[in-house]
Amino acid sequence: MPGCKAGQPKGKELKNVSEAEFKKIYNAGMISCDTVYHHQFTKDLRHAATAYKADPNSVTDEDMETCDGVFYFSPFGSACGDQRASNNTCDADRCYFFAKYGKCDLTNKAGSKYGS
């Protein structure tokens with residue numbers, strides 16, 4: 001499924017991480033940030049890997065967004081778009097599926113040069 005064009009949740013909208021925590025998780029700076037996949041959030045706007053680490057019973061597969069798109073930043077906000085080969089792969093700090101299962105089937109289908 002290509003990116004769904006949804007806007008990325010803003011830091012203050014996320015229920016379980018502060019904006020500062022979000023920036024640390026994704027190495028977000030003024031002009032760059034690690035890949036933020038749509039499926040790394042729950043439908044009720046929690047950062048899923050963080051929720052899972054705090055309490056594995058607090059998040060389930062059914063709670064997850066299923067879009068495999070990526071949020072891309074622009075001066076006008078960010079929107080969910082198609083994956084690109086330059087996107088990072090998932091890891092346990094960012095992705096619930098990777099934290100729970102040790103892999104993510106939604107991560108970089110475009111063939112990342114940054115990992116497997």
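The model is predicted, with local features requiring pLDDT of at least 70 and side-chain atom pairs pLDDT 80 or more, while totals for chains, interfaces and linings use all residues. Residues are numbered from 1 along each chain as its sequence is written, and side-chain values use heavy atoms, with hydrogens and water left out.

Cys104 belongs to the largest nonpolar core, which has 13 residues. A nonpolar core is a set of buried Ala, Val, Leu, Ile, Met, Phe, Trp, Tyr and Cys residues joined through side-chain atoms within 4.5 Å. Buried means under 20% relative accessible area, exposed means over 50%, and partly exposed lies in between (1.4 Å probe, protein chains only). The members that touch the most others are Val59, Met64, Tyr96, Phe97 and Cys104. Two or more residues of this core come from each of helix 2 (48-54), strand 2 (70-74) and helix 3 (96-101). There is also a second, separate core of ten residues, including Ile25, Phe41, Phe71 and Cys80.

## Overall fold

The protein has three helices and three strands, arranged along the sequence as α-β-α-β-β-α. These elements are DSSP runs numbered from the N terminus, with helices being H or I of at least four residues and strands E of at least two.

Of the 116 residues in the protein, 42% are buried. Among contacts with a separation of 6 or more, 63% are between residues 24 or more positions apart. The accessible surface comes to about 6,600 Å², and carbon and sulfur atoms hold 53% of that surface; the areas come from the Shrake-Rupley method with a 1.4 Å probe, and for residues only the protein chains shown count as cover.

Cys90 sits in the loop between strand 3 and helix 3 and is buried, at 5% relative accessible area. Not counting residues up to four places away in sequence, Cys90 touches Tyr37, His39, Gln40, Cys95, Phe98, Cys104 and Thr107.

Gly102 and Cys90 are twelve residues apart along the chain, and their C-alpha atoms are separated by 9.9 Å. Beyond its neighbours within four places in sequence, Lys103 contacts Phe97 and Phe98.

## The largest pocket

The largest pocket holds about 750 Å³ of space. On a 1 Å grid over the protein atoms alone, a pocket is an open set of points where a 1.4 Å probe fits, with protein on both sides within 12 Å along at least five of seven lines, and lining residues have an atom within 4 Å of a point. Grid points are joined across faces, edges and corners, and the volume is the space filled by probe spheres set on the points. The lining has 30 residues, of which Gln8, Phe22, Ala28, Cys33 and Phe73 are the closest to the pocket centre. Helix 1, strand 2 and strand 3 (77-81) each give two or more residues to the lining, and strand 2 gives the largest share, five residues. By type, the lining divides into twelve nonpolar, twelve polar and six charged residues; Ala, Val, Leu, Ile, Met, Phe, Trp, Tyr, Cys and Pro count as nonpolar, Asp, Glu, Lys and Arg as charged, and the others, Gly among them, as polar.

Gln8 is found in the segment before helix 1 and is buried, at 7% relative accessibility. Apart from residues up to four places away in sequence, Gln8 touches Glu13, Phe22, Val36, Phe71, Phe73 and Ser78. Gln8 and Val36 are 28 residues apart in sequence, and 8.9 Å apart from C-alpha to C-alpha. Ser74, in strand 2, is partly exposed, at 38% relative accessible area. Ser74 and Ile31 are 43 residues apart in sequence, with 10.0 Å between C-alpha atoms.

## Positive phi angles

Most residues other than glycine have a negative phi. Lys5, in the segment before helix 1 (19-25), has a positive phi near 75° and is exposed, with a relative accessible area of 61%. Asn27 has a positive phi of about 50°. Asn27 lies in the loop between helix 1 and strand 1 (36-37) and is partly exposed, at 47% relative accessibility.

Note on methods
Contact means heavy atoms within 4.5 Å.
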